[in-house]
Amino acid sequence: MNTFKFSIVSLKRDWSSGELKLIATSVLIAITCLTSVSFFTDRVKRATELQATELLAADLVLSAPNPIPVELIEDAIDRNLTHSLNESFRSVVVVDDQLEMSEVKAVDERYPIRGKLRISDALFGDEYETELIPASTEAWIDSRLAQALQIQPGDQLSLGASQFTFTKVLNYEPDRGGDLFNIAPRLLINRSDLKKTQLILPGSRVRYRLLLGGNSADIETYRNSIKDDTRVSIQSIKQARPEIRTALERAEQFLGLAALVSIALAGLAIAMTSHRYAVRHYDNCAILRCLGLQQRQITQIYTYQLILLALIAGLLGCFIGFIAQEILNKLMVGLLQEGLPPPSILPLIIGLLASLITVLAFALPQILRLSRVTPLRVLRRDLLPLPLNNYLVYGIAILALIILSPWQSGDSKLTFLTLAGLFITALVLAICARSLILFLKHMQPKLQSAARYGLSNVTRRAQQSTTQVVGVGIGVTVMLLLTLVRTDLLANWQDRLPANTPNYFLINIQPEQVSQVSRYLQDTINANGKLYPMIRGRLTAINQQSVSADDYANERAKRLATREFNLSYIEDMQADNQLIAGNWWPDDRNQAYFSIEQGIAETLGINIGDTLTYIIGDREISGEVINLRWVEWDSFNVNFFVVSNPEALTDYPGTFISSFYMPSSERSKLIELVKQFPSITVFDVDAILNQVRAIMQQVVRTVEFVFIFTILTGIMVLFAALQSTHDERMHESALMRALGANQTQIVFGLTTEFVLLGLVTGIISALAASVIEIALAHYVFKVEMIVNPLIWLIGPLACCLITTSTGLYGTRHLLRTSPMHVLRKTV
Amino acid sequence: MNIVQAEGLVKQVKSPEGTLTILNNITMSVKRGESLAIVGVSGSGKSTLLGLLAGLDTPSSGKVILNDIDLSTLDEDGRARIRSESVGFVFQSFHLLPGLTALENTSLPLELAEISDATQKAQQQLDQVGLSDRIHHYPNQLSGGEQQRVAIARAFCANPAILFADEPTGNLDQKTAGKIIELLFNLNNKNDTTLILVTHDHNLAKLCDRQIEIAGGEIVQSS
């Protein structure tokens with residue numbers, strides 16, 4: 001027979017049975033969640049590849065040590081791309097007899113293509129956005145340069161052969177990027193004035209940049225056309241600020257977690273539903289076997305059915321996912337380039353494959369039992385197919401999740417913790433449920449008849465009740481995690497940039513000024529006044545092997561290997577650092593020890609035990625790497641990639657740095673500070689801070705949106721769990737009614753059963769959610785976490801409400817239909 | 001010429017009290033075109049014998065030769081093929097697929113055997129059992145008698161050589177049962193099918209060419 005044709009016909013016929021709808025809905029929601037996240041992250045990644053964010057002030061930036069070839073500019077114009085040219089170079093600015101090194105940037109009127117400049121009329125004055133650039137003979141300079149030169153707006157300055165009037169304080173330029181403390185202060189002029197300065201001569205070290213903007217398709221085509229041109233390099237997003245990268249990485253972690261949990265929950269719902277589907281098809285299979293269908297054909301029919309179901313639900317999920325990711329895109333507006341590049345086909349393929357894997361892995365083991373139905377069941381209905389090996393069933397499910405997880409979370413630790421958490425939760429739920437059921441059994445004789453009936457339903461069906469508790473429990477645990485815990489985690493994350501996050505940095509504090517500055521900070525600004533030493537050194541060797549940019553393929557590594565590091569020394573590790581590997585300083589302090597930030601260690605290939613050699617001034621220092629640290633860069637506290645034990649670097653020349661919070665209304669105090677300590681430079685990071693805060697808010701909104709899908713799959717699990725004993729409950733209640741029980745007694749009995757199930761599940765789920773919350777907070781998100789006490793109230797209460805209302809809703813027909821009808825149907 | 005032959009059939013099952021013998025050393029045969037009634041009280045083992053003869057189950061020892069094929073040499077799929085090719089069934093509880101209409105239920109064995117014009121042949125068969133106006137009804141829309149007619153139509157549709165019937169009137173009232181029996185025997189004669197029928201109804205058994213009575217898992221009387 002044509003089993004494929006038969007399976008299509010059966011799929012249509014079985015659709016009304018309900019189980020297939022539940023399987024399809026679970027798949028649909030999970031795939032919608034997965035594909036919306038995949039589509040979205042794919043587009044963001046592609047946008048990132050195009051360097052198309054505000055952080056570059058353009059959609060694409062080409063840079064070169066020589067003027068950008070004219071044909072490249074003309075090509076961009078031909079492709080309808082907006083373009084802007086700028087030159088940047090280091091030069092000395094002169095005011096009277098004072099000289100200061102600055103990073104000059106000459107821009108045209110189209111700069112910046114993305115983002116806006118922010119300026120103020122006076123040093124530490126109110127800042128505002130502007131569409132303008134400096135007019136001819138005007139110069140905008142940052143507060144650091146203004147402080148160093150001790151000039152006010154209106155004052156004159158010399159740059160090369162030209163005179164400029166300092167008109168505005170430049171607070172923010174979108175493509176500033178990089179390490180703030182390693183770049184000379186900024187001076188921005190109009191490009192039309194560049195020639196007059198006579199600073200650009202043959203052999204001058206100038207960076208020429210072409211900024212381009214346009215629709216993503218044109219940008220991508222252009223990018224492809226020039227990618228092999230060796231005369232220019234495409235600027236990389238890796239130079240973007242690390243605190244924004246951290247925020248985006250966290251967003252991806254949250255989204256990946258939501259998608260992964262959604263798949264796992266859908267899997268659970270599918271496994272429970274397909275079990276019921278299989279049980280309800282035992283008779284059909286027995287008849288089919290009796291009529292001559294072979295085991296292989298039964299397997300084929302149901303496998304085809306599942307594949308068809310997975311493909312249809314998967315395709316629909318992909319379609320809805322595509323729409324949903326547009327909403328995600330809208331939620332991230334501003335953070336990402338307007339009009340992300342169109343999504344690739346990859347998420348669609350991933351969605352369909354994930355749908356197939358999920359359905360087949362979770363449903364097939366149950367459906368395979370159908371082929372084991374003996375035809376003799378037509379004569380003896382008590383004959384059940386042999387159960388499948390549990391190891392096989394769980395093994396396939398776990399394998400499927402392992403296959404699916406790298407697509408989603410991108411973080412193996414997070415994946416492991418989540419899956420292990422779910423597995424342990426299931427195990428704990430099962431053990432607790434069994435113990436509680438045993439306890440309830442002892443209570444049974446003490447209750448009145450209807451309640452006893454309800455209780456007996458729970459205790460008699462111990463196996464099914466346990467399965468229900470595990471199913472509903474996992475659903476509720478995840479929902480608790482995603483509602484209460486998510487709020488806690490996200491709030492906690494946002495709280496890490498509280499109102500008093502440091503918004504000013506002081507650098508160039510001389511050693512002899514330390515006590516005075518510290519006192520000033522404590523007394524006048526009300527800050528803690530902690531100062532950190534900052535010593536500039538260049539890494540020259542790792543394990544006595546000299547370091548050169550050529551040793552590294554990666555752009556960032558090349559840059560890091562050749563630039564000067566800010567080294568520091570501290571006695572105790574800072575609160576916003578975490579030891580990843582190794583130990584803090586040993587008791588024996590006779591030699592130099594280094595503690596390295598894990599990211600930079602990875603980039604430069606540094607491991608614990610390696611010996612690093614730095615040149616500081618004209619002196620050399622070597623020390624052993626004793627530990628690796630994780631640094632919370634977005635805390636805005638002073639932090640260093642490399643720190644040593646105090647004994648190692650105390651004698652080396654250096655300055656001090658501090659950070660503090662001060663409300664913008666008190667900015668005038670800064671002017672006083674600068675007057676009192678003229679050599680100190682103040683950095684205002686309020687603008688960056690606000691940008692990071694805005695990003696966090698957007699990320700939170702995005703994550704909340706994706707969690708809706710995960711919660712929906714959680715609800716599917718609840719439905720599946722409650723449906724699993726529906727038929728049996730229907731039959732028993734009908735029998736009770738036939739034996740004379742009235743409606744009130746039946747409802748009371750059922751309510752007792754559902755409330756008990758809900759209570760048991762709620763208590764265990766609250767416990768599980770609390771433990772997982774602490775583990776996630778500590779190991780993954782690295783935030784301090786206090787368990788929300790509400791979990792203990794809302795967990796059991798919500799569970800009781802959900803199980804009772806869904807359970808009673810599911811059995812409502814029972815009370816309206818004649819017991820005879822139910823009994824005849826369920827014979 | 002024998003179409004069904006059982007030699008030394010034994011069926012034992014394990015129970016908490018030890019091994020239980022349901023059928024003990026059954027040897028019997030049925031000729032082509034013959035009708036045989038297997039009678040006995042509840043629990044005598046008659047349905048188990050039917051299951052073994054039809055290849056729905058395997059004996060603990062002994063063998064069944066069905067249409068010249070030794071079923072003990074076949075695996076489950078091989079026996080399924082034999083059922084598909086030469087066996088029809090009518091059961092006490094009808095065993096229609098609830099999701100299929102009367103017509104679809106009837107045409108199912110033909111579809112399984114990949115016979116062309118399945119729908120047309122099924123329709124003709126339903127005409128013969130008097131259900132031409134109910135072909136698109138689902139089992140739950142039909143009375144017990146009508147459901148059993150559909151089951152009979154399904155059984156005869158693929159033109160089986162042997163028809164096994166397990167208490168075909170057990171779930172029906174007397175009047176309906178009479179009509180069903182009449183229909184069953186008419187079709188049996190018309191199609192020259194071998195009929196093996198399990199019943200505890202001696203009146204029904206008398207309609208068959210031959211009867212064997214089972215008690216305690218053994219043939220106690222054969223006529």
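Predicted model: local features only at pLDDT ≥ 70, side-chain atom pairs only at ≥ 80, totals over all residues.
## Chain A overall

Chain A has 827 residues, of which 47% are buried. Its secondary structure consists of 25 helices and 22 strands. Among contacts in chain A with a separation of 6 or more, 85% involve residues 24 or more positions apart.

## Strand pairing in chain A

Strand 6 of chain A, residues 138-141, pairs with two strands described here. With strand 8 of chain A (residues 162-172) the pairing is parallel and consists of four bridges. A:I141 has A:V169 of strand 8 as its bridge partner.

With strand 9 of chain A (residues 186-190), strand 6 of chain A forms three bridges in the antiparallel sense. In that pairing, A:A139 stands opposite A:I189 of strand 9.

## A buried leucine in chain A

A:L673 is part of helix 19 of chain A, which covers residues 668-676. This leucine counts as buried because A:L673 has 22 C-beta neighbours inside 10 Å, and the cut-off for a buried residue is 20 or more.

Leaving out residues up to four places away in sequence, A:L673 touches A:Y520 and A:V682. A:I525 is 148 residues from A:L673 along the chain, and the C-alpha atoms of the two are separated by 9.8 Å.

## The sheet of chain B and the helix across it

Chain B contains an open sheet of four strands in the order 2-1-4-5, with antiparallel pairing. Strand 2 (18-31) and strand 5 (69-70) of chain B are the edge strands, each pairing on one side only. Strand 1 of chain B, residues 2-15, is joined to strand 2 of chain B by ten bridges. One bridge pair there is B:K11 with B:L23, the latter in strand 2 of chain B.

Helix 1 of chain B (residues 46-53) lies across strand 1, strand 2 and strand 4 (61-66) of chain B. The helix runs at about 125° to strand 1 of chain B.

## A helix pair in chain B

Helix 5 (residues 144-157) and helix 6 (residues 174-191) of chain B have axes that come within 10 Å and cross at roughly 10°. The two helices of chain B are therefore roughly parallel to each other, as angles under 35 degrees are counted that way.

Residues making this contact include B:G144, B:Q148 and B:I152 from helix 5 of chain B, and B:I180, B:L183 and B:L187 from helix 6 of chain B. By class, the contact between helix 5 and helix 6 of chain B has six nonpolar, five polar and two charged residues.

## The largest nonpolar core

The largest nonpolar core holds 182 residues. The members touching the most other members are A:V27, A:A269, B:I38, B:I152 and B:I196. Helix 7 of chain A (residues 242-280) gives the most to this core, with 17 residues.

## Where the chains meet

In the interface, 18 residues of chain A are in contact with 23 residues of chain B. On the chain A side, the elements giving two or more residues are helix 1 (3-14), helix 8 (282-290) and helix 9 (295-331) of chain A. Helix 8 of chain A provides the largest share, four residues. By class, the side of chain A that touches chain B has ten nonpolar, four polar and four charged residues.

Key. Residues numbered from 1 in each chain as written. Chains lettered and ligands numbered in written order. Contact = placed C-beta atoms within 7 Å. Nonpolar A, V, L, I, M, F, W, Y, C, P; charged D, E, K, R; others polar. Pairing = 2+ DSSP bridges. Axes fitted to C-alpha atoms, helices over the stretch in contact; angles between N-to-C directions. Parallel < 35°, antiparallel > 145°, perpendicular 65-115°, else oblique. Buried ≥ 20, exposed ≤ 12 C-beta atoms within 10 Å, placed from the backbone. Core = buried A, V, L, I, M, F, W, Y, C linked by C-beta atoms within 7 Å.
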